[in-house]
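Shall we take a look together?

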Amino acid sequence: MEEEGIVKRPSEGGESNGTGAADGISAVIPGWFSEMSPMWPGEAHSLKVEKILYQGKSEYQNVMVFEVLVIGGGDGGVLREVSRYSSIEQIDICEIDKMVVDVSKQFFPNLAVGFEDPRVNLHIGDGVAFLKVVPVGTYDAVIVDSSDPIGPAQELFEKPFFESVAKALRPGGVVCTQAESIWLHMHIIEDIVSNCRQVFKGSVKYAWTTVPTYPSGVIGFMLCSTDGPPVDFQNPVHRIDERDELNKTKGPLKFYNPEIHYASFCLPSFAKRVISSKTN
């Protein structure tokens, strides 16, 4: 079955990457999209392209939508999942690139459906600047679904940003932020863990999961809480399979379940040693 995919690549200047590939399309193997980045030197992540549906370049990144033979990514997925919960009264989303939102709504309505929720307030702008003016203790949870730490996203991995997040959270509030791949970026993960343990005085945990369309096939998350009621990230208060109402409007979950959640905190020994060594 053919699926649609969206690729967002930070603009790095120039039209060619030096290997005959312009804007990610491989000239060596026609019909394939190859994503190349200094974040994974010596590697290229390739997908078979059936048809390019959209191609453009915003101020921040290259955006391309195409039909592929595997499941691609799509902006709006996190918002869709958050909007499953009727207990949430307000959802603010801050996205720096309006083109990504517009393209997602046009080509990925099943993912972008969360934007239609009446509780959602969309802010187009810089998330770093947005958090700096948010009143203290505004949010119960902050989710950072960022790209890799190149270009505009670099600040989202640095200590001042985490300090802004902590300020915006209520006591016992939680944050989940993208935290790279244990196979490619342990040096970045070390810095993220160190910064988070300095800033967040509650729980600080690293988790990971499989994402077949991301280089190395996995991606990680930092989950942290501010000082306040203790948070056990590995054992949530409400198990997802006990909340049938979550499936009524957005459909059943295809991947996530309580066992997957618990296992995501189990790390390979090499990663566990590095992360455990980063004490306060």
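Q: Which residues bring helix H6 and helix H9 together?
A: On the H6 side they are Met186, Ile189, Glu190, Val193 and Arg197, and they meet Phe270, Ala271, Val274, Ile275 and Ser276 in H9. Keep in mind that this is a predicted model.

Q: How do the residues of the contact of H6 with H9 divide into nonpolar, polar and charged?
A: There are 7 nonpolar, 1 polar and 2 charged residues. Glu and Arg count as charged, and Glu190 and Arg197 are among the H6 residues taking part.

Q: How do you describe the way H6 and H9 pack?
A: Two packed helices are described by the angle between their axes and the distance between the axes. Here the axes of H6 (residues 186-199) and H9 (residues 269-277) come within 9 Å and cross at roughly 35 degrees. The crossing is right-handed.

Q: What makes Asp145 buried or exposed?
A: Its relative accessible area is 53%, and the cut-off for exposed is over 50%, so Asp145 counts as exposed. Asp145 sits in the loop between strand E7 (139-144) and helix H5 (159-168). An unreviewed UniProt entry annotates Asp145 as "active site".

Q: Why is Glu180 called buried?
A: Buried means under 20% relative accessible area. Glu180 has 0%, so the label buried applies. The loop that holds Glu180 runs between strand E8 (169-178) and H6.

Q: What is the phi of Glu180?
A: Phi of Glu180 is near 65 degrees, which is a positive value in a residue other than glycine. For background, most residues other than glycine have a negative phi.

Q: Where is Ser216, the other residue to look at for its phi?
A: Ser216 lies in the loop between strand E9 (204-210) and strand E10 (218-225). Its phi is near 85 degrees, again positive in a residue other than glycine.

Q: Why is Ser216 called partly exposed?
A: The label covers values between the 20% limit for buried and the 50% limit for exposed. Ser216 has a relative accessible area of 34%, so it is partly exposed.

Q: How many helices and strands does the protein chain have, and how much of it is buried?
A: The protein chain has 9 helices and 10 strands. Of its 280 residues, 43% are buried.

Terms used
Residues are numbered from 1 along each chain as its sequence is written. This is a predicted model: local features need pLDDT of at least 70, side-chain atom pairs count only at pLDDT 80 or more; totals for chains, interfaces and linings use all residues. Side-chain values use heavy atoms; hydrogens and water are left out. Helices (H or I, at least four residues) and strands (E, at least two) are DSSP runs, numbered from the N terminus. Buried means under 20% relative accessible area, exposed over 50%, partly exposed in between (1.4 Å probe, protein chains only). UniProt positions are given in the numbering used here, feature names are shortened, and annotations may be inferred rather than shown by experiment. Axes are lines fitted to C-alpha atoms, for helices over the stretch in contact, and angles run from 0 to 180 degrees between N-to-C directions. A crossing is left-handed if the near helix is turned anticlockwise from the far one by less than a right angle, and right-handed if clockwise. Contact means heavy atoms within 4.5 Å.
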